[in-house]
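Hello,

Here is the structure I promised to pass on to you. Please have a look at it first, and then read on for what turned up.

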Amino acid sequence: MNELAWGTNNDLNENQFYNRVEDIKFISDLLRSSQYGTSPSILLTGIRGVGKSALMKRIQKNFRDENYLVVYIDLSSSNAYQTDEFTRESLIELIYDEIIKECGESGITTVDKKIEKYIKTHDVALKEIVNIKGYPVPFLWTKKNYKKLANFVMELPQYLYDEYKEDINGVFLFFDEFQIIKELGDELTDFLWYMRSYIQKQNNVSYVFSGSMSVKDNLIEEIAGSNGAFGGRMLTIEIKPFSYETTKNYLNEKADYLKFTDDGFDQFYTCTKGIPFYINTFGNLLPRNVVLDASSVKENFIKFLHVLAMHFSNSWFRLNLQEQKILTTLLDESLNRSGIAKKLNVTSGAIGRSLNRLLNNGFIEMENNKYYMPNFVFKAWLKNEYQTKGVYPYKSI
Ligand SMILES: Nc1ncnc2c1ncn2[C@@H]1O[C@H](COP(=O)(O)OP(=O)(O)O)[C@@H](O)[C@H]1O
Ligand SMILES: [Mg+2]
């Protein structure tokens, strides 16, 4: 059956996953070269909803079938991130958990299940790995020793390759939502260089970093820029929205119940900008088997704005009042820092923290010293809230 995947599902089956043939080939060829002892690092960029996670999961599936160990690490799934305590330790623990999990799925027995549970439920770190009957078993101690744990985890991928090279062709680590690493704050640069020191020693392990970052994001410079931690050794690949033609073919093939007029389709493409998240979400919400002209597409777009802007509206309600006010001053114009401060009637110094948080979370970006809101659906949602309710949905004081 031909159906569009839901916008919240990035684990697409073969029927749901569309196109990206060239991206897959390009990235896969690069990764495959790790077999011969050269391991490139890749940075996948692209705006939220463009399909980075879906693409990584597809590539992961392909490589699993070719006997690679492909570890997918989603930084946003870390408990620590969800409870606002993202640290180096929590990241290292997440990497460890995911490696062990993937080994399990691939039928590679690394550690005893009980010990794995022990690590999770106790505040312990690993002391050393001991080989017992051919299986590496971690020994633990009860006091945290972050350094040892970190070194162990960072070395584990190459270690697994060396131990299991009869069975596996290579090891890949895919990091998703990597922009969350910015939560490390002052320790960020240091940590990136630390990772780099391990990564460059590993001949049979490849790393892919991905996250919803605009090309202007400072993090990209920190990682892949000429002075960044990975210097010239990292290849940046931008995943682009579907083109007009691709979107058209996609819907013809997968959603022929959407009966657009020519204008209607143009309007649909303008509303979704070819971003698969919006294409699928909006495409699933539109009425089926009725003629959709430009004005009915527009009408439905406004009707469903709150669903389309879901990610941002959820995050909006977690912002503090000052952050929210900064955003509403940027709805119609881009402003520099003092311009924003003036509108809010505060000093420039008073909004530094809020601006940083908004930048880190992708709510705003900066160009030529001016801040602006990059996400058109989020902007449309806020404006529509104002138009229909007469006020912005500010946090009450
Ligand atoms: N190649 C694709 N074919 C069809 N739908 C896709 C494709 N890539 C992404 N999508 C849709 O877009 C949504 C968002 O994709 P996702 O990979 O989560 O974006 P990102 O990780 O870039 O934010 C997915 O849930 C899915 O519905
Ligand atoms: Mg994603």
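This is a predicted model: local features need pLDDT of at least 70, side-chain atom pairs count only at pLDDT 80 or more; totals for chains, interfaces and linings use all residues.

Arginine 337 is found in helix 16, which covers residues 337–344; helices here are DSSP runs of H or I with at least four residues, strands are runs of E with at least two, and both are numbered from the N terminus. At 33% relative accessibility, arginine 337 counts as partly exposed, because buried means under 20% relative accessible area, exposed means over 50%, and partly exposed lies in between (1.4 Å probe, protein chains only). Not counting residues up to four places away in sequence, arginine 337 touches Ser348, Gly349, Ile351, Gly352, Leu355, Asn369 and Tyr371, where contact means heavy atoms within 4.5 Å.

Residues are numbered from 1 along each chain as its sequence is written, chains are lettered from A and ligands numbered from 1 in the order in which they are written, and side-chain values use heavy atoms, with hydrogens and water left out.

Most residues other than glycine have a negative phi. Asparagine 345, in the loop between helix 16 and helix 17 (352–360), has a positive phi near 65°. Asparagine 345 counts as exposed, at 72% relative accessibility. Asparagine 368 also has a positive phi, near 45°, and lies in the loop between strand 10 (365–367) and strand 11 (370–372). With a relative accessible area of 70%, asparagine 368 is exposed.

How is the protein divided? There are three parts to find your way by: domain 1 (21–106 + 148–238), domain 2 (244–308) and domain 3 (312–389), with bounds that come from an automatic or database domain assignment. The C-alpha centres of domain 2 and domain 3 lie 29 Å apart. Between these two, 10 residues of domain 2 are in contact with seven residues of domain 3.

Next comes the ligand. Which residues come nearest to ligand 1? Of the 24 residues around ligand 1, they are Gly7, Asn9, Gly49, Lys52 and Ala54; a residue is near a molecule if one of its heavy atoms lies within 4 Å of it. The shell around ligand 1 divides into 11 nonpolar, 10 polar and three charged residues. In that count, Ala, Val, Leu, Ile, Met, Phe, Trp, Tyr, Cys and Pro are nonpolar, Asp, Glu, Lys and Arg are charged, and the others, Gly among them, are polar. Domain 1 and domain 2 each give at least three residues to the shell.

Some backbone atoms come up to oxygen atoms of ligand 1. For tryptophan 6, a backbone N or O atom lies 2.9 Å from a ligand oxygen; for glycine 7 the distance is 2.8 Å, and for glycine 49 it is 2.7 Å. Taken alone, ligand 1 exposes 550 Å², and the protein buries 96% of that (accessible areas come from the Shrake-Rupley method with a 1.4 Å probe). Helix 2 (52–65) and helix 11 (276–285) are the elements that give two or more residues to the shell around ligand 1.

The loop between helix 7 (188–199) and strand 6 (205–210) holds asparagine 204, and glutamine 202 has its place in that loop too. Asparagine 204 counts as buried at 11% relative accessibility, and glutamine 202 counts as buried at 3%. The side chain of asparagine 204 makes a polar contact with the side chain of glutamine 158 (3.0 Å). A polar contact is a pair of N or O atoms within 3.5 Å; within protein, one must be able to donate a hydrogen and the other to accept it, and residues adjacent in sequence count only if both atoms are side-chain atoms. In glutamine 202, a polar atom of the side chain lies 2.7 Å from the backbone oxygen of methionine 154.
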